[in-house]
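Hello,

Here is the structure I said I would pass on. My notes on what was found follow below it.

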Amino acid sequence: MTFVSRLLGFVRDVIIARYFGADPGTDAFFVAFRIPNFLRRLFAEGAFSQAFVPILSDYKERHDQTQLRPFLDRTAGSLSLALLLVTFVGVLAAPFFILLFAPGFYRDAKQFELSVTMLRITFPYLFFISLTAFAGAILNTWGRFAIPAVTPVFLNLLMIPATIWLAPYLPEPITALAWGVLVAGFVQLGFQVPALVRAGLLPRPRFGFHDSGVRRMIALIGPAIFGVSVTQVNLLVDTLIASFLASGSVSWLYYSDRLVEFPLGIFGVAIGTVMLPHLSKNHASRDRDGFSRSLDWALRWVVLIGLPATLGLALLAGPMISTLFQYDRFSSYDAEMASRSLMTYSIGLIGFIAIKVLVPGFSSRQDLRTPVRYGFYAVLANLALNLALIFQLAPIGWGHAGLALATALAAIFNAGLLLAKLLKERIYRPEPGWTIFLLRVVFASAMMVPILVYASNAYPWQTWSMIERVSHLALWILLGFAIYVSCLTLTGLRPRHMLVPEST
């Protein structure tokens, strides 16, 4: 389901690039979209879910329906009230948010006003999508992953027609994207409701800040806000600095980030989403061995997917960007600049995915202070690297790519700290066979490299037609994948080695 959503997300971004390109208008929209999206990931899918799911799992495992239902009702009411207040403030304070997150826009009055207008349209999306994440967290805890996973499809399904059919009728065509985002939030929430009704879990909102479970959750949300959303904080810092760089920098970073988000969203987010209820259940039932085996299984998938995906994104950055986005308003220059940031972003892919897996190892045990501390270190590292790299790389046209590289290195640093802590406290105890597993993956990945390097340099990707680009890119990706899987098979890796541990 996540794959379907990401695939449609690619279609959406291809159409946006074709119709709007990479200019001050698209920069303004991506900032107006990123701010509520950032807050959604921070509060809803990030801090709220990491605090809510372990407590909900505890209620599910140790309490009966007479205690579970009031907790759900009071959480729904309290969350809705908080979101309404935040949304109201966000709409009124839109100019302040633009100044805070994209201060470089203030140099261009038209771009600044356009970004403020679109932020006022997109900000209520935060209310709808956060309640959607709340509903999804409930369904995930009961093992119903399909509906929450497919829900993001509606964002893409609504933004595509907004781009093609609504935009031509508006004074500022780019604002059609903002209206598409707002309507999508309402539709996504509505799509979750029937699934909650069928499961008998639809909350009846009640104000309940006095509830003991709600108070426990609020106490966990504070530290979780920072700890689980370090990557998003770093990406927002990149956007802030990019607003001072050449026009189009925000858009180049957005398009390259979208390609990194593809494997991250399919595997990192999906594995992390499945892991949190499993780990919370293991912790609630005091199954330490099962907890460790679950982490071990997830980390093997991080390596198995992360290493070849990193090489593929880095080595095929130019062909991918040209094939997906270089049409009409998106020029060959835009493709070249976006491919530079894609190459540097991809270095951190394993770190991005690992964070999605490792943070639940703490939050499922209701330890959110540790991810907060390490997340703070990672943000400081990102800031320092940004300042160091921007001055070195901006003069040669790689300034925005330096921002991406800083974020990638900070993600690897953050993941390393989290893993070291779990190992030190023996919460995670690696299962036998890691050495041979790593050798297999490294060998298989290395066998792909010559093929991908040849594919990237042997063809005139930027001058080919769309059919030529798509057919050749698909061919070389499939060939690289076939080589990778064949080498893994020849060295003895079998599907049974990657199955979910039975105890989970």
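**What was found**

Leu 68 is buried, at a relative accessible area of 3%; buried means under 20% relative accessible area, exposed over 50%, and partly exposed in between (1.4 Å probe, protein chains only). This is a predicted model, in which local features need pLDDT of at least 70 and side-chain atom pairs count only at pLDDT 80 or more, while totals for chains, interfaces and linings use all residues. Residues are numbered from 1 along each chain as its sequence is written, and side-chain values use heavy atoms, with hydrogens and water left out.

Leu 68 lies in helix α3 (residues 65–92). Helices (H or I, at least four residues) and strands (E, at least two) are DSSP runs, numbered from the N terminus. Between the C-alpha atoms of Leu 68 and Gly 213 there is a separation of 9.7 Å, although the two are 145 residues apart along the chain.

**Overall shape**

The protein has 20 helices and 0 strands. Its C-alpha trace spans about 65 × 60 × 40 Å along the principal axes. The radius of gyration is 22 Å, which agrees with the value near 23 Å that a compact globule of 504 residues would have. That radius is taken over C-alpha atoms, and the globule rule is 2.2 Å times the number of residues to the power 0.38. Of the 504 residues, 58% count as buried.

**Salt bridges**

Side chains of opposite charge can pair when their charged atoms come close. A salt bridge here is a side-chain nitrogen of Lys or Arg within 4 Å of a carboxyl oxygen of Asp or Glu. The count by this rule is 12.

One of them joins Asp 328 and Arg 18, with the closest N and O atoms 3.0 Å apart. Asp 328 is in the loop between α14 and α15 and Arg 18 is in helix α1 (residues 2–20), so the pair ties together parts that are 310 residues apart in sequence. Asp 328 counts as exposed at 62% relative accessibility, whereas Arg 18 is partly exposed at 31%. Asp 328 also has a positive phi, near 55°, in a residue other than glycine.

Which residues does Asp 73 pair with? One partner is Arg 69, with the closest N and O atoms 3.9 Å apart. Both residues of that pair lie in helix α3, 4 residues apart, which is about one turn of the helix. Arg 69 is buried at 17%, and Asp 73 is buried at 6%. Asp 73 also meets Arg 204 in a salt bridge (3.9 Å, N to O). This pair links distant parts of the chain, since Arg 204 is in the loop between α9 (175–198) and α10 (212–227), 131 residues from Asp 73. Arg 204 counts as partly exposed, at 49% relative accessibility.

Elsewhere, Arg 12, Asp 13 and Arg 258 are linked in a network of salt bridges.

**Aromatic rings**

Rings of Phe, Tyr and Trp (its six-membered ring) pair if their centres lie within 6.5 Å; planes under 30 degrees apart count as stacked, over 60 as edge-to-face and the rest as tilted. A search of the whole structure finds 26 aromatic pairs. Among them is the edge-to-face pair of Tyr 106 and Phe 112, 5.4 Å centre to centre with 90° between the planes. Is each of these two buried or exposed? Tyr 106 counts as exposed at 56%, while Phe 112 is buried at 8%.

Tyr 254 and Tyr 255 also form an edge-to-face pair, 5.4 Å centre to centre and with 75° between the planes. Both of these tyrosines are buried.

Arg 300 lies over the face of Phe 437, at 5.5 Å from the ring centre. A charge sits over a ring if NZ of Lys or CZ of Arg is within 6 Å of the ring centre and within 35 degrees of the ring normal.

**One more loop residue**

Arg 426 is in the loop between α18 and α19 (434–457). Its phi is positive, about 55°, although Arg 426 is not a glycine. Arg 426 counts as exposed, at 52% relative accessibility.

Regards
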